[in-house]
Every structure is written in structure tokens, then in C-alpha cells.
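Here's a quick tour for anyone opening this structure for the first time. Have a look at the sequence and the model, then read on.

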Amino acid sequence: MRWRLVLFLLAAVGMMVALPTAAQVSEIPVGIIYPRTGELARLGETVVQASLMAADDINNAGGIKSLGGARIRPIVADNRSDATIQRTETERLITRYRPVAINGSYASSLTLVGTEVAERLKVPWVTGSIADPITGRGFKYVFQVSPKASMFGKMQVDFAAELLKQARVAGKRKVAILYEDTAYGTSTSKGLLDRSKELGLDVALYEAYKAGITDAAPLVTKVKASGADILFPVSYLTDAILLIKTLKEQGVNVVVIGGGAGYLMPEFYQGLGKLAEGVFSVGSWNWDLPYKPIKDVAERYKRRTGEFIQEHAGEGYAIMWIIANALERARSTDPQKVRDALAKTDLKPPHPGAIMPGGCIKFDSTGWNTCVHPVMVQWQDGELRTVWPPNVATVKARLPW
Amino acid sequence: MRPEILLQALVNGILMGGVYSLVSIGLTLIFGVVRIVNFAHGEFLMVGMYITYWLWALTRMDPIVTALVSMPILAVMGYFFYRALVRRVLGAPDLSQIFLTVGVSLVLQNFALLIFTANYRSVTVAYATQAFRVGPVSFSVARLIAFAVAVFLSLLVGLFLGRTDIGRAMRAVAQDRDAAMLLGIDPHRVYALAVALGAALAGAGGSVIMPYFYVFPTVGASFVLIAFVVVIMGGLGNVTGAFLGGIIMGIAESLGILFVGADAGVIVAFIILILVLVLRPQGLLAVRRG
Amino acid sequence: MRGAPVPSERVIPATARFIKPLSAVVVLLVLLVAPWFFTPYPLHIVIMTLLFAAAGSAWNIVGGYAGQLSLGHAAFFGIGAYTTTLLQIHLKLSPWIGMWAGAILAVVAAVLIGWATLRLQGPYFAIATIAFAEVLRLMTLHLRDFTGGAVGLTVPYLGNRPWYFQFEQKVYYYYVILTLLLLIVAVVRRMASSRLGYYLIAIGQNEIVAEAVGVPAVATKIKALTLSAFLTALCGTFYAQYIYFIDPFSVLSLGLSIEFALVAIVGGVRTVWGPVLGAALLRPLTELTQAALGATYAGVQLIVYGSLLILVILLRPEGLIGPVSRIYTRMMRRLEV
């Protein structure tokens, strides 16, 4: 009897000694900071869900092998869609949990604040935000996997020119640009104007409007007055739905090429039904891109959340794998070494992190992913499909004319 | 500028203004009678919108018909809002009164966030995108219905205040509480009724805009600021003023967007408000007394 | 103090005379040394608490003492934040100088707003201040070439440059905001026992009576508003420099104006230390509920916050400073005995 007790005690002591040391190497904290409450919560939550799914996938695939199969431990923080809280939460996340890297925050203004903190505290930050200044400030600890805002407008206008060419319509050259007065709208609309002028299109309207309109009729009347053939609206979901409904109501016949955001969300189709059919938009990612891991991810995401996986969520998923890959190569949980490894990232399909349009993931000296470009999508039979450019298109665009 | 565009802008403004009126009448009624500026009024609207959404989502009830449900529910809510909270700060300084309603607004908004999440929800009805044309000007069916209901309810409120005993009592209390008490009117009953009625009107507003609008927890904020402007323009507590103020506000916003810039609609409205406050702080319609 | 021994009564005045200054020195020493023992995150909470205590105290001059419920103080805060940052970006002007330019601009705005609105009463004034702040916010959004619009402005990162209001170590930001808070509290204290203070309290209690006894109501209120605006703008400068980023949403929104007022109300308006107490309670509460619940139940922390506000107004409308100061006096008396 007594030797059993001794053995038991020994085992207990052994476990107490072993457990903490094991825990130290077996879990690697990775910060995930997104808006989960407030105005930006809707999309923020999708990114959190996709990122958590990616963490599970990484852990189920054996964790970080070069660190003895250590598991990713996602630490989720909520910045409440507020720049001040983003500052606090980033700092709390870093000083309290010592994450090796941070995945955040899709909305550009929030990412700009968060990266200011991370740069000072020397923790690498990987983002799917699109604002140009994110990698334009000479920061060393920020990595942008997504296309930049300035590329969106060019892609949209080039696509419009392509549509006009394919449809062989003569005399349709008038475009209207209407963008919300947010960071997103302001930063993407400039490219629309510049490229339209370059291609010799007639810009009949170029104006900002106050985001969160209660009525789109005055805007639509303005579009109608301009006589535009193509409308480039940059707006969030609610404004987008109102705008499309009101265009129909007032019988304004324009081809709509949306500027991402609201035009890509499931509610856009739910709110508009048939009216959404044929609407184009630009996006930084889509669920049907022709990269192998996406199909499985998209299906499991749909089972998990009940809706299709949206652009920012897709980016969030990729970001977790990109961080995991850097950890693998860094063989260390030192944020500095992880940062150096991130800078040398070179991923190609079928790696689960290499799912951004353009295929590969490779950062330049500013931290921007040089492989990436925006994509053009269209609502077809209730699904958001990629229609352009040819290297990523999965279906043909349905011509509006 | 082609004349039909101007005409269309005016129509847009008037139709939108009808809804502003409806929301504002409730706000001004509560102020006029109880002397409380209700910062939670936008949240009453939000609750009305969620009621409409869920009735539509679960039973496919037409949003306009759901007003018959949302109005009584909001009335009950308004009644308890008065009994449990507002009544306790009646004699208190403006500060306690205003921030009590700010607190209620915070709680309601975040309660909605907790149970309904931040998702945007909208209903789909056949007439949502239908419009009929008179010459070159198009009238949206959904907006026209909302406008008609708003005008109808406003008239009803006017009749109620002018023709019924309780309505007259309400006006009496609004004009002079002490005198009304001397006449044997119980102010607490009248107050509770006014808040209930004001909340019910916000609920109706929530129902009639759902065919072309969407609901989310912070939706009230975009309306309540405009409603404040409207209520001040019309004179705090002045129901007719709030109605006309709503229409003027809609027109100002619509023309501001057309002539000044697409993001200038609300700026124009606020500048009008400031001018009104500086030049005629008693409201546009107020008659100089004494 | 029936039956107290006679000899000790002679000693009490001497010690009592020392106890107040002595405790003040001890408190000041603690305030100076304590931050070195804090890790960055708790220190951040302390800094935000001091900032809101400062802004709440500045609000208290108008909203508390004068009883003019401003819900547009974010306008002054934003003017301070934007002026300093724009001067720094375009003219490379140090924020230490820019902050005074921002404060003076806020005073100009306050005179304009005050002239237009301070003849209004109660809720009219509150809503007019909302309108002014909203116009300023919308204009900031509209003039995007100048203000950066919704994209906001980032304070250029210069590393450790004390002359440019940038410090590698957070503790120096703490000293800056502590100084600002002490300055504002000192101003409020002085004002409270000056002619301006008495005028304001008279106006706050009953404006008509105050005017009847010869208080120039509008002029006095404008004076209070300009003083409050000046101090609020300094807080705005600190915010911009400390957070590194400003946009119309974060420094000009109605929510911010409400929060300044909240801090003062929960603590106790028309008292020198009320806003400080309010900030000391509310800010950590916000931060801690945020940390504990933020990620699990969206919105819970704001429900708690709103409920607390309602409870304070219903149960302790004079703010929480009342019971706290009673405890304080009791403690002081016990120390003296």
C-alpha cells in the first residue's frame, strides 16, 4: 500500500514539474484584434470566426512542427470599432499575452492605430486592410497581404472598359462616381477618377456623400441628372441596398460596378433579391478563387457560420497560416525573429496561406504583398462569382447591355 | 438644371420629410407635455423596427400592418419607461433628465446588440421597389405609403389633442401644470399617456420605414439627431411645428444634396437649425405671447 | 467632543495644521513615484483616467457650475487635436507650441458658439451645442484635402523626441497629463471661490433671479465657456499626441461629448473633485469590463455602463462625491483626534 502512495506522490510531483514547462512550449499566443461590437462588428466577427477556424486547422495539422508541434493559441480582442479602444486593446493584448504576432483589424483606420502601437512595441502585425498608408509609413513590423486601395479604382475602370469593348456598345462613355465619406470611400475613389480620365471616359459626377444615408432618393436624382451610363458607387451595405432599390424605383438605367464593402455581403443579396442580379463589384478576395485549399475552407466555414465566406474572412484565414508559416521558419517565439521570418515569406499554392488573388505571398521591403491584385465579381443566380481578371475568373461575366 | 430634376428632388424631400415628421411628433409630444428631452427616442424607433422585422420574418406579416402591433408594444414600453424612470426625475435639473434618457438609450442599444447582433436586417416586400410616374417625376410606392401613414397619424394626434377630453387635459398640462392640477387633472396620468403615445408614434415610424430601410442596433442615432433639429425648428412641444419641420427638413436635405454636394445634406439642415436658434429660438411657428 | 481631555485640545490645532499639507505632499509623492511600478497596460488606464478627469473638470465649469448642459464639448477637444496635429504636419511646429494655438482657436469658437446659443435655456442650449459640434464634425469630413476627412490624421512618428511631445516611455505621457489635470483642478478651485464662480453658481441655480440681482448672465456664461473650451482643447492636444491618430469619429463625436459630461455627473457636478472621482470610477470600470467581457458578450459592458448611469442619477443625483467626501472628512477628523 505504502509504495503505491509513494508512486502516486512521485507521479503528482512529476506532473507538477512537467506541466508548466510543457505549457510554455506547447502554446503560442497569436493576437486576433477585430471590431466585434459597434458599427464595424458585422464584418469583424466574420474575420474572427475564419481566423479561429484557421487556428484549429493549423493545430489539427500538427501545430508548429519546428517548435515540437506547439499549438497556436488565439487571443481574441475587441476594439469596439473605436480608434481609442484599438489603442488600448492592442497594448493590453501585447503586454499581457505577449503574442508572437497580431492578425488585425480589416477597417483601415483601426489598423493604422493598432500598427502604430505594435511598431513601438516591436510586434509584427499582419493585416488585410487596404489603405495605402498602412505600408507607406516606413514601418518595420507591418505586413499587408491585401491589394492597396489605390489599385481598386484602376481595376474597376479597366473592367468597365473591357465590358464596353465586349458588349460593343457605341456612345456609352459617361461614368458617375459616388463614394461614401469614410476612410474606405475616400481612399478607393481617387483611383476611379484618375483611371477614368486616363482612359478618356467622361466623368459626369464625382462626389462624396455622407455615409449612413436615411434616403437614397436625392443621390439617385443626382445620378439621373448626370446622365451616366456606368455608376461606380463606393458604399457600405445599408447605403448600397438603398441605392440599388432607389435606382430601380426611379427607373435609372445604369450599370452598377460597386466598390466592394457592402456590395459583397450576403445581406446585399438577401435585402435586394433579384435586384442584386448582375451587379458588379470589386473585391480583395472571393470564396470561389481557383486555389485548391479554398473550396474546403469555404464549405467548412459555411457549415460553421451558415453563410458564405466573405473577403475579409478569407484574408483572416490566410493571415493565420502566413503567421504559422513564419513561426515554422523562425523556430522561435521571439516576435523579432517572427518578424524577420515574415519578411522572407514566399508561399505558393497549395499552401493554405497562399489563397490571395495572384496566388503567391511575398512581401516587399515596405511589407506589402507584391503578388496580390483586386478581383472583379458579379452576383449571378444568388452567388457572388469571380468574373475578372482572366487569371482568377471562374465564370464569364454576364453582359449588361 | 432641368426642371423635372428639381421637381423630383422636391418630391424626394417631401416624402422623406413625412417620416421625419412622424418620429419628431413623438419627441415633441413628450417634451411639450413632460418637459423631458428624450434621448432614447431613436431607440424606441429601433425597437419598433425590430418588432416589424421579426413579425415579417416569422409570419410574413406586411410591415405596414405590423404597425398595429408595434404601436401598442411601444406604448406599453413608454408607459413603463415613464413609471419606472422618468417620473423620478421630474423635478430634477435638466442634467439628470437628459442623462437618464441617455443611459436608457445606451442600455437599449446594447441590449439589442447582445440579442440581435450587429447584423443589418431588412424585409423584402413586392412594393419596395415599385414606383408610379406622374409625367417625368416618379413616386416610390413604399415611401408614399410611409408618408400617407405619417400624415394620417399626425392628423390623428392633432384630433386627439384638440377633440378629446384626455387630449385637452394633455394640452392643459403642457401649457400650465399647476393650473391643470387645480382643475383636477392628475399630471402623472397625463404624463404617462404622453410618453406612451410618443413612444407608440416612434414605433409606427419604425414599422412604416421598414419596407425601404433596414434595422441594426444603432439605427436610431441617424434619425434622432434629425428629429432634434426638426423639433427645435418647429418649437419644442409644438406638434404642428414638428410636422411642418419634418417636411422642411426633408426638402432642405434633398436640395442641399442636389445643389451643395452629396455630403452636404445634413450640414445644411444643422445650419438651418443654428440660424433658427439664433434668430427665432422659440421655433418657426411660435406666436409671440403676451 | 464631550468630556475630551483638556490638555490634548491644545495640541490638536498644531497637528491639524500639518495634516492637510502633509497628506497633500504624500499624495503628490505617490503620484510622482507610482507610475514607475506600473506595466504599460495599467499605466495606459491611469493615463486615460487622468485625461477624462481633466476633460470632465473642464466641462464642469460650464456644465456644472454654470448649469449650461453642453453636449458639444467634443468640438473644442477636436479643435485642439486637429490644430496641433495640422500645425505639426504642415509647419513642423512642435505640439508644445501648437497646443496654445489650438486652445486659442477653441476660445474663438467658444465665443462664437456662446454668442449664438448662451441666450438659450436648458435643452435648447444642449441641442444647439450638439448641432455646432456636428457641423464641425461634418465640415471636417467634408474638407478632406485639408483635414484628411474620414481617413484621419496620423501624428508623424519621430521616436524619442521630447521637444516634439513624443516619448519612448509611457510614463512621461503620464506626467504631462497629470500636470494638465492638476492645472485644470487648480483653475477650477480658484474659479469656484472667485466672483466668476459665485456668479456662475447663481446662474446655474436660477438665471432670472441672478440677473435680477445684477449678474451679467450672458457675459458670465460666455466667460465660463471660453475658459472651459481653452482647457478642453489642451486635453484634445494631449489625446492626439498620445494616441498618435485622430479622425472625426474619435475626437469630434457626440459620444465623446457625452462621456465628458458623464464623468462629471457620476462623480458630482459643481464640485472641484467630482469629475476626478467620476473618471477614477468610470474609466477603469470601462477598461476592465471591456477586458473581461468584450470578447465574449458583445455590448454587455455598455449595458453595465448605461445601467450604472441610470442608478447614479436616480439614487445619487448629486454624484458619488457626497458619500466619498463624508468619509474623507470623517477620516480627517479621526486623524486629528
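## Before we start

Helices and strands here are DSSP runs, numbered from the N terminus: a helix is a run of H or I with at least four residues, and a strand is a run of E with at least two. Keep in mind that this is a predicted model.

## Chain A as a whole

Let's begin with chain A, which holds twelve helices and twelve strands. Its C-alpha atoms fill a box of roughly 95 × 40 × 35 Å along the principal axes. The radius of gyration of chain A is 23 Å, which agrees with the value near 21 Å that a compact globule of 401 residues would have.

How much of chain A counts as buried? The figure is 60% of its 401 residues. And if you take the contacts in chain A between residues at least 6 apart in sequence, 65% of them join residues at least 24 apart.

Most residues other than glycine have a negative phi, and most peptide bonds are trans. A few places here go the other way. In chain A, a cis peptide bond links A:G104 to A:S105, with omega about -20 degrees. A:S105 sits in the loop between β3 (102-104) and α4 (108-121) of chain A. That loop of chain A also holds A:Y106, whose phi is positive, near 50 degrees. A:Y106 counts as buried because it has 25 C-beta neighbours inside 10 Å.

Another cis peptide bond joins A:W388 and A:P389, this time with omega about -10 degrees. A:P389 lies in the segment after β12 (383-388) of chain A.

Over in chain B, B:R35 has a positive phi too, near 60 degrees. You'll find B:R35 in the loop between α1 (3-34) and α2 of chain B. With 18 C-beta neighbours inside 10 Å, B:R35 counts as partly exposed.

## Two helices side by side in chain B

In chain B, helix α2 (residues 41-59) packs against helix α4 (residues 94-116) at an angle of about 25 degrees, with the axes 9 Å apart. Angles under 35 degrees count as roughly parallel, so α2(B) is roughly parallel to α4(B). Their crossing is left-handed.

Which residues of α2(B) and α4(B) make the contact? From α2(B) come B:G42, B:E43, B:M46, B:V47 and B:Y50, while α4(B) brings B:S105, B:L108, B:Q109, B:A112 and B:F116. By class, that contact has six nonpolar, three polar and one charged residue.

Key:
Residues numbered from 1 in each chain as written. Chains lettered and ligands numbered in written order. Predicted model: local features only at pLDDT ≥ 70, side-chain atom pairs only at ≥ 80, totals over all residues. Axes fitted to C-alpha atoms, helices over the stretch in contact; angles between N-to-C directions. Parallel < 35°, antiparallel > 145°, perpendicular 65-115°, else oblique. Left-handed = near helix turned anticlockwise from the far one by under 90°. Contact = placed C-beta atoms within 7 Å. Nonpolar A, V, L, I, M, F, W, Y, C, P; charged D, E, K, R; others polar. Rg over C-alpha atoms; globule rule 2.2 N^0.38 Å. Buried ≥ 20, exposed ≤ 12 C-beta atoms within 10 Å, placed from the backbone.
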